[in-house]
Amino acid sequence: MGSATKLNIVVTGGAGFVGSHLCDRLIQQGHRVYCVDNLLTGSFSNVRPLINHPDFEFIEHDIRDTLEIAGRIDRIYNLACPASPRHYQRDPIGTLQTCVVGAGNMVELAREKQARALQASTSEVYGDPDIHPQPESYLGNVNPIGPRACYDEGKRAAETIFFDSRRIHGIPIKVARIFNTYGPRMLQNDGRIISNFIVQALKGDPITIYGDGSQTRSFCYIDDLLAGLQLLMETPPEITGPFNLGNPHEQTIRQIADLVVAQTGSKSPIEHHPLPEDDPKRRQPVISRARDALGWSPRVTLDEGLRATINYFSLKLFTRENMSAP
Ligand code: NAD
Ligand code: UDP
């Protein structure tokens with residue numbers, strides 16, 4: 001990004017997978033960072049290296065409660081929300097409240113501070129899509145009463161709050177629809193596919209494919225996502241999005257299992273488990289909007305990204321460092 005101005009930036013969910021990488025990057029770029037997290041699925045160890053930095057402040061706080069910060073705030077990245085189905089379904093009402101009440105509190109803070117606010121939305125707003133690949137104009141196919149609804153509908157409502165706050169109060173908002181993103185610092189017990197498969201492969205445990213493995217996802221490496229989020233945040237106020245941020249390289253779940261087994265040299269067998277309810281069958285972003293307006297497209301191949309992620313988990317498993325959420 002290369003911003004010459006030092007900005008005061010709030011990152012909610014800053015101790016999580018995406019948020020902690022964002023905090024690192026913002027500190028490296030010379031900004032002041034307020035990392036706001038209730039440590040539900042995040043880990044203090046993700047931000048421990050930053051804790052003594054004079055421009056870094058960790059605030060243990062639940063975004064469902066009003067957030068008060070003294071002084072100037074220029075940017076708010078609202079990333080707080082459990083992202084893995086295993087975690088967001090553990091307390092579905094809490095998840096919905098984090099999405100909705102949390103987003104409301106963050107736009108209120110943006111209003112008070114005259115700051116820009118960016119909402120981390122998701123490809124899940126498209127539900128189990130009946131249009132493929134998914135452009136931002138697609139309105140989605142979400143089951144409002146299923147087990148994924150707390151997250152999907154919560155994120156949809158958060159987008160609504162963001163856009164209404166712009167219409168009513170003129171708040172400069174940005175919405176990123178993030179597609180499956182992976183990389184170092186995902187939790188070992190996160191439940192998402194990449195961390196599950198890598199940990200299983202490294203331990204020699206069975207690789208758990210849900211369903212027949214023919215469902216697809218498109219995986220974006222963390223560094224590419226962060227570049228997209230920052231480019232979006234720094235666009236002029238009239239640019240709001242939503243923008244799909246994801247890697248259009250679509251893979252079946254079976255292909256991912258084969259790739260992880262090949263890269264780790266694992267002898268793990270494949271084990272099939274029931275497909276979770278409402279599991280989307282296909283997912284692939286159309287990214288022409290981000291390409292045109294932000295000049296963004298992903299650069300890291302799945303091969304490279306997996307290698308880096310496997311290295312991370314190998315090291316962690318080897319040193320037996322705790323990487324699990326409670
Ligand atoms: P994560 O679970 O690693 O991080 C979420 C962070 O939010 C955690 O540190 C958690 O403790 C914190 N949190 C949860 N509820 C909170 C609350 N009420 N108050 C304060 N903090 C709270 O997940 P992630 O993968 O880093 O995802 C970050 C954001 O990006 C989420 O909003 C998620 O919905 C979105 N997103 C991620 C992906 C992905 O593939 N990683 C895809 C789409 C969208
Ligand atoms: N999945 C799988 N085995 C696992 C974890 C996930 O087959 O151990 C499948 C899951 O059913 C889904 C895909 O991988 O089809 C991606 O799941 P994840 O939870 O990572 O993300 P999401 O479903 O939210 O895209």
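Student: Which residues does Ile 76 touch, not counting residues up to four places away in sequence?

Tutor: In this predicted model, Ile 76 touches Val 10, Ala 115, Ala 117 and Leu 118, along with Met 106, Leu 109 and Ala 110.

Student: What is the size of the largest nonpolar core, and which residues have the most contacts inside it?

Tutor: That core has 86 residues. Ile 76 is one of those with the most contacts inside it, together with Val 11, Ala 117 and Leu 229.

Student: And where does the largest share of this core come from?

Tutor: From H4, with 7 residues. Helix H4 covers 92-113.

Student: Switching to ligand 1. Which residues come nearest?

Tutor: Gly 13, Gly 16, Val 18, Gly 42 and Ala 83, out of 28 residues around ligand 1.

Student: Which elements each supply at least two residues of that shell?

Tutor: Helix H1 (17-28), helix H4 and strand E5 (116-122). The largest share comes from H1, at 3 residues.

Student: How do the shell residues divide into nonpolar, polar and charged?

Tutor: There are 13 nonpolar, 12 polar and 3 charged residues around ligand 1.

Student: Back to H1. At what angle do H1 and H7 pack?

Tutor: About 65°, with the axes 10 Å apart. H7 spans residues 222-233, and H1 passes H7 in a right-handed crossing.

Student: Which residues meet there?

Tutor: H1 contributes Val 18, His 21, Leu 22 and Arg 25, and H7 contributes Ile 222, Leu 225, Leu 226 and Leu 229. By type, this contact of H1 with H7 has 6 nonpolar residues, 1 polar and 1 charged.

Conventions. Residues numbered from 1 in each chain as written. Chains lettered and ligands numbered in written order. Predicted model: local features only at pLDDT ≥ 70, side-chain atom pairs only at ≥ 80, totals over all residues. Near = placed C-beta within 6 Å. Helix = DSSP H or I, 4+ residues; strand = E, 2+ residues; numbered from the N terminus. Nonpolar A, V, L, I, M, F, W, Y, C, P; charged D, E, K, R; others polar. Core = buried A, V, L, I, M, F, W, Y, C linked by C-beta atoms within 7 Å. Buried ≥ 20, exposed ≤ 12 C-beta atoms within 10 Å, placed from the backbone. Contact = placed C-beta atoms within 7 Å. Axes fitted to C-alpha atoms, helices over the stretch in contact; angles between N-to-C directions. Left-handed = near helix turned anticlockwise from the far one by under 90°.
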